[in-house]
Every structure is written in structure tokens, then in C-alpha cells.
Amino acid sequence: MRMDFELPAEITDYLAELDAFIAAEIAPLQAQDDNERFFDHRREWARTDFDNGGLPRHEWEALLGEAKRRADAAGHLRFALPAEFGGKDGSNLAMAVIREHFAAKGLGLHNDLQNEHSIVANYPQVLMFRDFGTQAQKDEFIAGMLDSTRSVCFGLTEPEHGSDATHMDTTAVRETRDGVEGWRIHGEKMWTTGMHVATHVMVFARNAGEAGDAKGISCFLVPAEAPGVKVEEYLWTFNMPTDHPRVSFTDVWVPDDALFGPLGGGLELAQHFVHENRIRQAASSLGAADFCIREAVKYARERKPFGKPLAVNQAIQFPLVELATQVEMLRLLIRKTAWEMDRMSKPEVASRLSDRVSMCNYWANRLVCEAADTAMQVHGGMGYSRHKPFEHIYRHHRRYRITEGAEEIQMRKIAAWMFGFAGPNKVAREART
């Protein structure tokens with residue numbers, strides 16, 4: 001058998017098509033009307049409405065919307081979606097390669113993941129509605145999300161519970177109002193990203209069982225303007241602007257048809273897209289790390305303190321050599337894992353490949369932070385300034401060591417599979433003790 005590390009021609013050809021589209025449509029849009037202010041040293045101030053809770057400025061979100069509109073008109077935005085939704089059935093391998101390719105270009109309107117923006121979008125919630133929604137929910141929300149008349153944010157994490165989601169305090173209790181059966185929801189959610197423009201919130205709440213039980217948690221589609229829903233505060237973060245609020249749900253009532261997915265099986269929805277999200281996000285971190293390394297090498301060859309290039313110093317060379325080596329190794333693991341994912345169903349990925357996805361994700365997120373930090377150091381004072389993109393890359397990607405599943409949680413998953421506590425190598429308790 002022959003080992004083949006060549007990317008399929010359809011992927012490399014599509015990268016060229018995307019590059020041509022960026023040059024023809026997106027780069028000119030970024031250049032007009034001083035839109036460069038959103039990407040140069042003014043970026044944080046240009047994007048952030050500091051007098052309005054730190055929310056994204058309208059002009060920033062409008063620019064992102066126009067870029068997406070153009071990408072959709074050109075047939076790129078929905079690439080990853082099935083053809084039935086106007087997509088191109090994009091594979092996990094293709095999406096990983098595209099996300100790496102985009103991030104390796106540096107900051108730009110083509111792909112700014114501060115708020116998950118890209119001209120080739122993910123759309124995980126469309127697939128959630130396809131696989132878990134009632135026909136009425138599919139009709140309303142799939143079409144609505146694709147034409148931007150519906151925006152659904154995600155309410156899982158709580159002030160007292162993050163990785164321990166099965167211990168959530170938010171509850172859903174049966175209640176009939178005006179002869180209509182439904183649910184009364186009470187609790188709080190954190191990091192409910194996108195709430196400022198959302199029409200609905202996916203609220204996960206315990207309806208049965210005890211704290212720690214995986215079953216007994218359900219998902220409800222709650223209108224963002226429903227009585228009892230309140231944004232308590234927008235949480236300012238390391239990476240501004242913020243659209244991550246703490247939201248309270250005080251005796252919020254929804255009818256039975258607001259139940260999304262199986263009663264008591266809400267965590268199935270929460271886990272539905274985790275592997276695809278993690279491998280694609282890992283590829284973005286990989287691309288950003290590669291960008292930082294290449295920029296540092298270029299600068300080290302040009303900068304000549306004491307009459308000679310920085311590049312001749314092993315103190316400069318060796319850290320970048322180590323980072324470049326890790327990039328090469330990680331690229332192979334990410335692409336191999338994505339390729340294997342394309343040959344499995346979602347349940348098979350979860351049962352056979354979850355540890356590899358976690359390896360890719362936690363290491364890529366750690367690697368990009370180290371690469372950005374090293375690039376800052378190589379560039380000296382200018383590297384620390386906002387006139388270079390490294391501080392922005394560091395601030396953005398640092399969050400993924402927490403938000404895509406904290407790296408400690410992912411490492412615990414890998415360890416459980418390695419040592420036989422879980423996964424395909426699981427051994428009987430008696431054999432472990």
C-alpha cells in the first residue's frame with residue numbers, strides 16, 4: 001500500500017479559488033472607507049463601543065455582515081453545509097486546510113476569529129436543527145439562520161458551573177399556563193455569546209435527575225425577548241470587544257414545542273458538533289502559529305542590531321526551530337485526524353477518535369500562544385505594540401485553551417483513553433485496581 005500525503009486536487013484548487021475571491025472582493029472591501037482601522041493598530045478601539053458595555057460597534061458588525069453577504073453570493077460561505085442547504089458538502093479535511101490557510105495569512109476581513117467570522121463559515125447550529133429539530137423548528141430556524149432572520153445563541157455554562165455542566169443549577173419545571181402545557185425555566189447562564197443580536201437562546205436546564213447525572217438535562221429554545229430574560233452584564237475580556245453576557249432567566253415560561261431535542265437528552269445536542277469544531281479551530285490555531293513564526297524569521301533576517309542580523313544568533317534560531325518543528329508535526333496530525341473523521345459517522349468519531357481530536361486541539365492552542373509570544377520577543381518593543389498583530393493573535397487564541405473545552409479537560413480525556421478508564425481501550429474496574 002502507498003502512503004500519500006498529497007492534498008486532493010479539489011482542495012488545492014478551491015484554495016486558489018478562495019484566494020482569487022479574497023483578492024477581488026474582500027481585500028478591496030477592507031481597503032475602502034478606512035476599514036483598515038479594524039485591523040491595524042486601531043483595531044481594538046475601532047471594534048469596541050466602550051461606552052455601550054464594550055459591545056462590538058455597529059460599523060464593525062456591518063462590515064463583517066457585508067463580507068459574509070459577498071461570500072454567500074459567491075457560493076463560499078456555506079461550503080461546509082450539505083448541498084440541501086446551499087452548501088458544497090465540505091469535508092472535515094477541506095475545512096481544516098481552509099482554516100489553516102486563512103489564519104496563516106494573518107489578520108484580515110477574510111477570517112477574523114475574534115467573533116468566529118470567516119468567509120467560509122461553520123454553521124454548527126444548522127446541523128443541530130437538521131438532526132434534532134422538529135419539522136416546525138427546522139422550517140423556522142434553518143431557513144432563518146441562513147437568511148439572518150434568526151440568530152440563536154448558546155446557554156450552557158453557568159456562573160458556578162463550567163466544565164462540570166452536569167451540575168448545572170438552571171431548572172425546568174412542568175407548568176401549564178392558560179391551558180397550554182409548557183415549562184418554567186429559572187437560572188443563570190454565562191458567556192451567552194451573541195445575545196445582543198440573538199432572537200433565541202438554547203437554554204440547557206435540568207428537568208429530572210440529580211446533580212452529576214448526564215441524563216435529565218434538556219434544551220429549550222427561549223425567545224431572547226421573553227418575559228424574565230435579562231442581560232445582567234457584558235463580561236469584559238482579555239480579547240475585546242465583548243458579546244459574552246451573563247443572562248438571568250427568572251421564571252421564564254415556554255410552551256412544550258420549545259423543547260429542542262429529546263427530553264432529558266440535552267447534552268447530546270451540546271456534544272453534537274464538538275469534534276468538528278475542535279479540529280477546525282485547531283487548524284486555525286496552527287495557521288496563526290505558522291504566521292507568527294514566519295513573520296519572526298523574516299524580521300530576524302532584516303533586523304541588524306550591533307551590525308549583524310538577529311538571525312545569526314542561536315538564541316533567536318533555536319526557539320523558532322522548535323516551534324517550526326511542532327507546526328510541521330501538528331499539521332500532519334490535524335490533517336490525518338480530519339481525514340479519518342471524514343470516514344466515520346459522528347458516533348464513530350466520538351467512540352474511536354475523540355482522543356486524537358483533543359490532542360490536536362489542546363496542543364494547537366498552546367502552540368499558537370507560544371508562537372505569538374516568541375514573535376513578540378523577537379520583534380522587541382515593536383512586537384509588544386499594537387502595530388504588529390501578535391498581541392491580537394495571542395489575546396484571541398489564549399481563550400481557546402479554556403473555551404473549546406479547557407485543555408485540562410481534553411488532556412483528561414486523552415489520559416482516560418490511554419490508561420483504559422474510558423474509550424475503546426476501557427478495561428474492567430477489577431483489572432485497574
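Start by selecting T192: this residue is buried, with a relative accessible area of 0% (buried means under 20%, exposed over 50% and partly exposed in between, using a 1.4 Å probe and protein chains only). Before you go further, note that this is a predicted model, where local features need pLDDT of at least 70 and side-chain atom pairs count only at pLDDT 80 or more, while totals for chains, interfaces and linings use all residues. Residues are numbered from 1 along each chain as its sequence is written, and side-chain values use heavy atoms, with hydrogens and water left out.

**Around T192**

T192 sits in the loop between strand 7 (180-189) and strand 8 (200-206); strands here are DSSP runs of E with at least two residues, helices are runs of H or I with at least four, and both are numbered from the N terminus. Now show what T192 touches: C153, F154, G155, V201, D243, H244, P245 and V247, leaving aside residues up to four places away in sequence. Contact means heavy atoms within 4.5 Å.

Next, colour residues 153-251, which UniProt lists in an unreviewed entry as "domain: Acyl-CoA oxidase/dehydrogenase middle". UniProt positions follow the numbering used here, feature names are shortened, and annotations may be inferred rather than shown by experiment. This span is 0% helix and 47% strand, with its end C-alpha atoms 19 Å apart.

**Along strand 7 to V180**

Pick V180, which belongs to strand 7. V180 is partly exposed, at 38% relative accessible area. Its contacts are E175, W253 and P255, again without residues up to four places away in sequence.

**Helix 1 and helix 3**

I26 takes you to the next stop, where F21, E25, I26 and L29 of helix 1 meet L63, E66, A67, R70 and A71 of helix 3. By class, this contact has six nonpolar, no polar and three charged residues (Ala, Val, Leu, Ile, Met, Phe, Trp, Tyr, Cys and Pro count as nonpolar, Asp, Glu, Lys and Arg as charged, and the others, Gly among them, as polar). Helix 1 (residues 9-31) and helix 3 (residues 58-73) pack at about 160°, their axes 10 Å apart. So helix 1 runs roughly antiparallel to helix 3; angles over 145 degrees count as roughly antiparallel, under 35 as roughly parallel, 65 to 115 as roughly perpendicular and the rest as oblique. Axes are lines fitted to C-alpha atoms, for helices over the stretch in contact, and angles run from 0 to 180 degrees between N-to-C directions.

**Helix 5 and helix 6**

Select helix 5 (residues 124-132) with helix 6 (residues 135-146): they pack at about 165°, with axes 9 Å apart. That makes helix 5 roughly antiparallel to helix 6. Show Q125, V126, F129, R130 and F132 on helix 5, and Q137, K138, F141, I142, M145 and L146 on helix 6, to see the contact. Its residues divide into seven nonpolar, two polar and two charged.

**Last stop: residues 264-418**

UniProt annotates residues 264-418 as "domain: Acyl-CoA dehydrogenase/oxidase C-terminal" (unreviewed entry). The span is 80% helix and 0% strand, and its end C-alpha atoms lie 30 Å apart. Finish on helix 9 (residues 314-341) and helix 11 (residues 354-379), whose axes come within 10 Å and cross at roughly 155°. Helix 9 is therefore roughly antiparallel to helix 11.
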